[in-house]
Amino acid sequence: MEQIKFSALVSVYKNDNLAHLKEAIESVLSQTLMPDEIVVAVDGPISDDMRTLLEKYAEKYGFFRNVFLPENIGRGAALNKVLP
């Protein structure tokens with residue numbers, strides 16, 4: 001049987017909790033069926049700690065991609081912008 005190809009989309013913005021973001025990403029990474037890519041829509045400016053965390057995941061996992069949007073446009077619009 002052919003494996004299904006899919007992406008996991010995550011959005012984050014400045015008021016999101018850093019621990020919750022890490023927990024969400026780790027949850028995706030621990031699934032039995034791994035996505036072909038994880039794309040994080042960074043909806044506007046974020047804290048340095050959040051940026052560092054996201055950059056570490058991108059360095060560690062070749063299928064992890066961050067898309068930094070210059071301003072907050074809302075979760076739905078941000079996710080639509082990063083659709084592969």
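**Entry 1: the sheet**

I looked up the strand layout and found an open sheet of 3 strands in the order E1-E2-E3, with parallel pairing. Strand E1 (7-12) and E3 stand at the edges with a single partner strand each, so one side of each has no neighbour in the sheet. On average, neighbouring strands of this sheet are turned by 20° against each other, direction ignored. For that angle, axes are lines fitted to C-alpha atoms, and angles run from 0 to 180 degrees between N-to-C directions.

I note that this is a predicted model, in which local features need pLDDT of at least 70 and side-chain atom pairs count only at pLDDT 80 or more, while totals for chains, interfaces and linings use all residues. Residues are numbered from 1 along each chain as its sequence is written, and side-chain values use heavy atoms, with hydrogens and water left out.

My terms: helices (H or I, at least four residues) and strands (E, at least two) are DSSP runs, numbered from the N terminus. Two strands count as paired if DSSP finds at least two bridges between them.

**Entry 2: bridges**

I checked E1 against E2 and found parallel pairing over 6 bridges. Valine 10 has valine 40 as its bridge partner in E2.

**Entry 3: crossovers**

I followed the chain between the strands. E1, H1 and E2 make a right-handed β-α-β unit. E2, helix H2 (residues 48-60) and E3 make a right-handed β-α-β unit as well. Right-handed means that, with the strands pointing away from the viewer, the path from the first strand over the helix to the second runs clockwise.

**Entry 4: cover on E2**

How many residues of E2 are buried? I find 7 of its 7. Buried means under 20% relative accessible area, exposed over 50%, and partly exposed in between (1.4 Å probe, protein chains only). In a regular strand the side chains alternate between the two faces of the sheet. In E2, Glu37, Val39, Ala41 and Asp43 point one way, and Ile38, Val40 and Val42 point the other way.

**Entry 5: salt bridges**

I searched for side-chain nitrogens of Lys or Arg within 4 Å of a carboxyl oxygen of Asp or Glu, which is the cut-off for a salt bridge. The structure holds 2 of them.

One joins arginine 65 to glutamate 37, with the closest N and O atoms 3.8 Å apart. Arginine 65 lies in strand E3 and glutamate 37 in strand E2, so the pair ties together parts that are 28 residues apart in sequence. Glutamate 37 counts as buried at 19% relative accessibility, and arginine 65 as partly exposed at 35%.

The other joins arginine 51 and glutamate 55 (3.9 Å, N to O). These two are 4 residues apart in helix H2, about one helical turn. Both are partly exposed: arginine 51 has a relative accessible area of 32%, and glutamate 55 has 35%.

**Entry 6: nonpolar patch**

I looked for nonpolar surface and found a patch of about 280 Å² made by Ile4, Phe6 and Leu33. Patches take residues with over 30% relative accessible area and no salt bridge, joining like charges within 9 Å and nonpolar side chains (Val, Leu, Ile, Met, Phe, Trp, Tyr) within 5 Å. The areas come from the Shrake-Rupley method with a 1.4 Å probe; for residues, only the protein chains shown count as cover. Leucine 33 is in the loop between helix H1 (18-29) and E2, and at 42% relative accessibility it counts as partly exposed.
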